[in-house]
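Visitor: Could you walk me through this one? I am new to it and would like to start with the charged contacts.

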Amino acid sequence: MASRGRKRTVADARGGKGNEPGAEESGEDEGYFAPARAAFRLKEPKQRHTKHFKRRKQVIAAEGFDQMSLQNATYVSVEAPPSMYPVKKYCDVTGFSAKYTDPRSKLQYASLDVFPVVRTMAHDDAQKLLALRNAHVSLR
């Protein structure tokens, strides 16, 4: 082992005293210790894989959806059976989910804070809001 006062030599690293014939034959400098070079392999940078998206017409042409019958419900056709879930109700004033319905005007409202607005609304305005969701009553 090398002492504290001097630098490590190649011979110290090999465990010898410095007078071995192997150190001089290799042609290395005996004055300083040089660690062996590690063989590093540089990784090649990964190439970006870009996704190629197809347009709707290309998907239809590739999958042959244009030749399918309309009886089959697919993600391309809009022909589908009616939903088994109940219809969602939305407030006619605020647009939030409606829990209540005014029995007089048949308007749906979300909270009790909206109820005074529904009650003070004119009949024509209430009919316009009902017409937006196709629930208006036309009297002749």
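Guide: The structure holds two salt bridges, a salt bridge being a side-chain nitrogen of Lys or Arg within 4 Å of a carboxyl oxygen of Asp or Glu. This is a predicted model, in which local features need pLDDT of at least 70 and side-chain atom pairs count only at pLDDT 80 or more, while totals for chains, interfaces and linings use all residues. Residues are numbered from 1 along each chain as its sequence is written, and side-chain values use heavy atoms, with hydrogens and water left out.

Visitor: Which residue does R133 form a salt bridge with?

Guide: R133 pairs with D92, and their closest N and O atoms are 2.9 Å apart. The pair links distant parts of the chain, 41 residues apart, with R133 in the segment after α5 (123-132) and D92 in the loop between α3 (56-63) and β1 (100-101). Helices (H or I, at least four residues) and strands (E, at least two) are DSSP runs, numbered from the N terminus.

Visitor: And is D92 buried or exposed?

Guide: D92 is buried, with a relative accessible area of 16%, whereas R133 is partly exposed at 30%. Buried means under 20% relative accessible area, exposed means over 50%, and partly exposed lies in between, using a 1.4 Å probe and protein chains only.

Visitor: What about R119, which residue is its salt-bridge partner?

Guide: R119 forms a salt bridge with D102, the closest N and O atoms being 3.1 Å apart. R119 lies in helix α4 (residues 115-119) and D102 in the loop between β1 and β2 (108-109), so this pair ties together parts that are 17 residues apart in sequence. D102 counts as buried at 1% relative accessibility, while R119 counts as partly exposed at 30%.

Visitor: Changing topic, how many aromatic pairs are there?

Guide: A search of the whole structure finds two aromatic pairs. Rings of Phe, Tyr and Trp (its six-membered ring) pair if their centres lie within 6.5 Å, and planes under 30 degrees apart count as stacked, over 60 as edge-to-face and the rest as tilted. The ring centres of Y109 and F115 are 5.3 Å apart and their planes are at 45 degrees, so that pair is tilted. Y100, Y109 and F115 form one aromatic cluster.

Visitor: Back to α5, which of its residues are buried?

Guide: They are A126, L129 and L130. These residues cover an arc of only 100 degrees around the axis, which puts them on the same side of α5, the arc being that of the directions from the helix axis to the C-beta atoms. The face turned away from the buried side of α5 carries the exposed residues D124, K128 and L132.
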